[in-house]
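Subject: Structure handover

Hello,

Here is the structure I promised to pass on. My notes on the fold follow below it.

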Amino acid sequence: MLPVAINTLLFSGELAEREIPSFRGAVMGIAGNDPLFHNHTEDAKDINRYPRIQYKLLDGHPAVVGVLDGADAVKRLFLPGATHAMRIGPGYREFVVRDVLEEVFTPSLKAGEVRRYELRAWLPLNSENFEEYQSISSLAKRIAKLDEILTGNILSLYKAFDAYVEDRVVAHVVDLSPGNVTFKGVRMQSFDAVIETNFALPLHCGIGKGVSHGFGVVSLLGNR
């Protein structure tokens, strides 16, 4: 499996979860009409691919994560130490690029090795499978459904990385804390989850729905 470039830009200053859309809009304004940053076609339709650039909070600070061709794009646009005035809500704030974390991630899967990760504000449910999930009365069967969705989310990520799996796939939810978030103006069921899988997962990237808006962020257990 080929290595994948991932660059994470860490900014100074604090940001609330609800302010991520404003931060995303401000970065898109700096980038101009670059589809890597907004993931839309010229007629404003979503590009059906894993988002190359993702906006999120890491340890309470705003961050921009670029993967694949998005990794070079964020590095070119933002230089370490540069200060940017960004409109967040009604006013402007200054954010400094305080660090750039450059990583080369190698997708891998080992049948006999299980890794444990945390997912923050994971959005596994869409309008179709939400109804199915709600109709399940057994907790064990609900977890099994989430295991199935989790496996699909991870396989979709690997497909985006041109990494295809032949070994036995292991992906289980081992702890779950439900919540609610607003995504594109819609109130949705979210989960903070601990998962076990034999996939290597790229830290700071997202899985599930809304990853470009900071949902489903992958971290090592106990290290967000």
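Strand β1 (residues 4-11) is joined by 5 bridges to strand β3 (residues 61-67), and the two run antiparallel. Strands here are DSSP runs of E with at least two residues, helices are runs of H or I with at least four, and both are numbered from the N terminus. Two strands count as paired if DSSP finds at least two bridges between them. Within this pairing, Ile 6 has Val 67 of β3 as its bridge partner.

This is a predicted model, in which local features need pLDDT of at least 70, side-chain atom pairs count only at pLDDT 80 or more, and totals for chains, interfaces and linings use all residues. Residues are numbered from 1 along each chain as its sequence is written, and side-chain values use heavy atoms, leaving out hydrogens and water.

β3 also pairs with β2, in the antiparallel sense, over 6 bridges. Here Leu 57 stands opposite Pro 62 of β3. The hairpin of β2 and β3 has 2 residues between the strands, and Asp 59 takes a positive phi near 55° in it. Of the 7 residues of β3, 6 are buried (under 20% relative accessible area, with a 1.4 Å probe and protein chains only), so β3 is largely enclosed by the rest of the structure.

As a whole, 5 strands form an open sheet with antiparallel pairing, in the order β2-β3-β1-β5-β4. β2 (53-58) and β4 (83-88) are the edge strands, each pairing on one side only.

Regards

Note on methods. Buried means under 20% relative accessible area, exposed over 50%, partly exposed in between (1.4 Å probe, protein chains only).
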